[in-house]
Amino acid sequence: MAMLEIKDLEVYYGVIQAIKGISFQVNQGEVIALIGANGAGKTTTLQTITGMLPAKKGQIIFEGEDITKVPGHKIVTMGMAHVPEGRRVFANLTVFENLKLGAYTRKDKSEINETIKKVYQSFPRLEERKNQSAGTLSGGEQQMLAMGRALMSKPRIVLMDEPSMGLSPILVEEIFNIIKEISASGTTVLLVEQNAKKALSIADRAYVLETGNIVLSGDAKELMNNESIKKAYLGE
């Protein structure tokens, strides 16, 4: 059984249909990449899965349970975390306070402290800056904080929206290495990313979204060698 299953999902903004009946699935332990041009509907898909936008039609099944109409704050308690596009850290709070907010669904203080230690191991720079306000961090550090904050809820699946956006090539490399580590630790990853080459290089499978439709799907390495994908998304 798939960990996350999207069935015939349709999403509208007013009268404009953004998602046109897409279906796909994510299995336990996979890294799944959702790639496509700007405006293809990638962010809308993630926001609908995590309850930030309503679905007009279709179903979202998470670990056998229909969560299509479940509000976002409840979805977090079920084991799903969302790293939003643009990082969305709380600029006036410290790094440590941002991380603590990520664990708001958990009650056991000693377990929360253990998770903070693990986040600091994955992101040593966050520990160095734990008392610094998040708004003073660089773009790359804010991205690390957004990812660390998502991991604080101990999710079984993390949805990441454009984690490499606006970062230097060196930081992009670092962020993708961390995504690989998150996956290796047993957390499932659904990754939306405009850097198709990097996304396909770490993904198990991928889906290509164009104007609200899935137009292609398959093994990530095979898609990397697909001529139409190379032309459209890999600049080859």
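This is a predicted model: local features need pLDDT of at least 70, side-chain atom pairs count only at pLDDT 80 or more; totals for chains, interfaces and linings use all residues.

**The largest pocket**
- Its space amounts to about 520 Å³.
- At least two lining residues come from each of α2 (72–77), β6, α3 and α6, and α2 gives the largest share, with four residues.
- Sorted by class, the lining holds eleven nonpolar, six polar and two charged residues.

**The second largest pocket**
- The volume here is about 310 Å³.
- Thr 115, Lys 118, Leu 151, Ser 185 and Thr 187 are the closest to the centre among the 13 lining residues.
- Helices α4 and α7 each provide at least two lining residues, with the largest share, four residues, coming from α4.

**Helix α4**
- This helix covers residues 109–122 and reaches 20 Å from its first C-alpha to its last.
- Ile 112, Thr 115, Ile 116, Val 119 and Tyr 120 are its buried residues. They sit on the same side of α4, because they cover an arc of only 145° around the axis.
- Lys 117, Lys 118 and Gln 121 are exposed on the face turned away from that buried side.
- The cover over the buried residues of α4 includes α3 (95–102), α5 (124–128) and α6 (139–151).

**Helix α6**
- Twelve of the 13 residues of α6 are buried, so the rest of the structure largely encloses this helix.
- Its buried residues pack against β6 (80–83), α3, α4, α5, β7 (157–161) and α7 (169–184).

Notes
Residues are numbered from 1 along each chain as its sequence is written. Side-chain values use heavy atoms; hydrogens and water are left out. The expected span of a helix is 1.5 Å times one less than its number of residues. Buried means under 20% relative accessible area, exposed over 50%, partly exposed in between (1.4 Å probe, protein chains only). The arc is that of the directions from the helix axis to the C-beta atoms. Contact means heavy atoms within 4.5 Å. On a 1 Å grid over the protein atoms alone, a cavity is a set of points where a 1.4 Å probe fits but cannot get out, and a pocket is an open set with protein on both sides within 12 Å along at least five of seven lines; lining residues have an atom within 4 Å of a point. Grid points are joined across faces, edges and corners, and a volume is the space filled by probe spheres set on the points. Ala, Val, Leu, Ile, Met, Phe, Trp, Tyr, Cys and Pro count as nonpolar, Asp, Glu, Lys and Arg as charged, and the others, Gly among them, as polar.
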